[in-house]
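Student: Could you take me through one part of this model slowly and in detail? I would like to see how the pieces around it are connected.

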Amino acid sequence: MARTLPTAAYLRLIPMPRCTGPRYSFGVPRGQQLCYSDAYARSAVARILAVEVGPAPGVLLESTVFYPGGGGQPADTGAITRSADGAAWHVRSARKAEGEILHDLDPDDITAGVAPAVGDLITAEIDWPRRHLLMRTHTALHTLCGVVWRDYGAQVTGGNMEPGTGRMDFEFERMSGELVGEIEATVNRELAAEREVRVSVLPRDDAFAIPDLIRTKINLLPPGIAEVRTVEIVGLDLQADGGTHVANTREVGPIRVTGYESKGRINKRIRIELAAG
Ligand SMILES: [Zn+2]
C-alpha cells in the first residue's frame with residue numbers, strides 16, 4: 001500500500017538544476033503524468049528530476065507511466081533502467097506527494113556506484129500484465145456500479161481491488177442471493193455489449209452540473225480542484241475517477257460474483273473476480 005510522504009521528507013528532494021521540463025510552481029507538477037491520459041502507455045524515457053534522500057529513495061521523473069495508486073486501485077510496480085550503463089532498479093510502488101508521482105525503489109538495488117542520480121536518462125517501465133489486469137478489474141467494478149445504480153438505485157460507498165479481484169460496498173438494503181445472481185448476469189451482458197470507455201477532464205463547474213456524478217460523492221472534492229477527471233462507460237456509467245481503465249468493456253471478459261455479505265442493515269458488499277484470468 002502506498003504511504004503518504006510527510007511534507008518534511010518531500011522537502012529533502014534534491015532540486016534538479018538542469019531540469020529541462022517546466023519550472024516548479026505551486027500546484028503544477030514538474031513531472032508529466034501519462035497514466036491519466038494514456039492508460040496503455042507502458043514505458044517512458046525520461047530524466048531523473050529529483051532523488052529523495054534516504055535508504056529507500058523515491059525518484060521523481062520528468063515523465064512517467066506509473067500510476068501512484070488511489071480510488072481503490074493499487075499503485076504500479078515495475079523498473080527503472082539507466083540508459084548509460086544498464087543499471088536497473090525495481091520500483092516497488094509509486095505514490096503521490098505534493099502533486100508529484102514518486103517511484104519507491106527497492107533499497108537492495110541501491111549499492112555504491114549504481115545509485116540513481118539527478119540528470120540520469122532512464123527508461124521507466126511498468127509491470128504491464130499486472131497493470132492491464134488492474135485496468136480490466138477497475139472497469140469491471142465500474143460496470144458493477146453502473147448496473148447496481150441503474151437497476152436498483154443503490155449508491156456505492158466504497159471499493160477496493162487487487163489484480164483480478166475486487167469488492168464494492170453499496171447502500172443496498174434489499175440485496176439478496178437471488179439479486180446477486182441477477183446482477184452477475186446483467187454485468188456480464190453489459191461487458192459483452194462492447195461498451196466504449198471514455199476518459200475526460202472537465203472544468204469543475206461542468207462536472208458539478210452532471211447529475212450522475214453527484215452519487216459518486218464528487219461534492220467531497222476539495223474546493224481548490226479546478227478540473228475533474230471523469231470515466232464514462234458509454235451508455236451505462238459515469239463517475240469522477242482517477243484510475244486507469246481499458247478502452248472497451250470487451251477487454252474485461254466475463255466476471256464471477258465470488259461472495260456477498262452484510263456490513264450492517266443497509267451496507268452490503270459484493271465481491272467479484274475476472275473469470276478469464
Ligand atoms: Zn474507479
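Tutor: Let's begin where strand S12 (residues 227-233) meets S13: the two run antiparallel and are joined by 4 bridges. One of the residues involved is Glu-232, whose bridge partner in S13 is Leu-238. Strands (E, at least two residues) and helices (H or I, at least four) are DSSP runs numbered from the N terminus, and two strands pair if DSSP finds at least two bridges between them. This is a predicted model, with local features needing pLDDT of at least 70 and side-chain atom pairs pLDDT 80 or more, while totals for chains, interfaces and linings use all residues. Residues are numbered from 1 along each chain as its sequence is written, and side-chain values use heavy atoms, leaving out hydrogens and water.

Now step back to the sheet. Its 3 strands follow the order S11-S12-S13 in an open, antiparallel arrangement. Strand S11 (197-203) and S13 are the edge strands, each pairing on one side only. From one strand to the next, the twist averages 25°. Helix H2 lies across S11, S12 and S13, at about 115° to S13 (contact: heavy atoms within 4.5 Å; angles: 0 to 180 degrees between N-to-C directions of lines fitted to C-alpha atoms, for helices over the stretch in contact).

His-138 (NE2), His-142 (NE2) and Asp-241 (OD) coordinate the zinc ion at 2.0 to 2.1 Å (donors are N, O and S atoms within 2.8 Å, or 3.2 Å for Na, K and Ca; with water not among the atoms, sites may look incomplete). Along the sequence, these donor residues have the spacing H-x3-H-x98-D. Distant parts of the chain are linked here: His-138 belongs to helix H2 (residues 128-152), while Asp-241 sits 103 residues away in the loop between strand S13 (237-240) and strand S14 (255-262). Both His-138 and Asp-241 are buried (under 20% relative accessible area; exposed is over 50%, partly exposed in between; 1.4 Å probe, protein chains only).

Asp-76 forms one with Arg-131, with 2.8 Å between the closest N and O atoms. Asp-76 lies in the loop between strand S4 (63-64) and strand S5 (78-82), 55 residues from Arg-131 in helix H2. Asp-76 is buried at a relative accessible area of 1%, and Arg-131 is buried at 0%. Another salt bridge joins the side chains of Arg-150 and Glu-190, 2.8 Å from N to O. This pair is 40 residues apart and connects helix H2, which holds Arg-150, to helix H3 (residues 177-192), which holds Glu-190. Arg-150 is partly exposed at 41% relative accessibility, whereas Glu-190 is buried at 9%.

Finally, follow S14 into another sheet. Here 4 strands make an open sheet in the order S9-S10-S15-S14, again with antiparallel pairing. Its edge strands are strand S9 (155-162) and S14. S14 is joined to strand S15 (residues 267-274) by 7 bridges, and Ser-262 has Lys-268 as its bridge partner in S15. H2 packs on this sheet too, touching S9, strand S10 (165-171), S14 and S15, with its direction at about 25° to that of S10. H3 packs there as well, touching S14 and S15, and its direction makes about 145° with that of S14.

Terms used. Salt bridge = Lys/Arg side-chain N within 4 Å of Asp/Glu carboxyl O.
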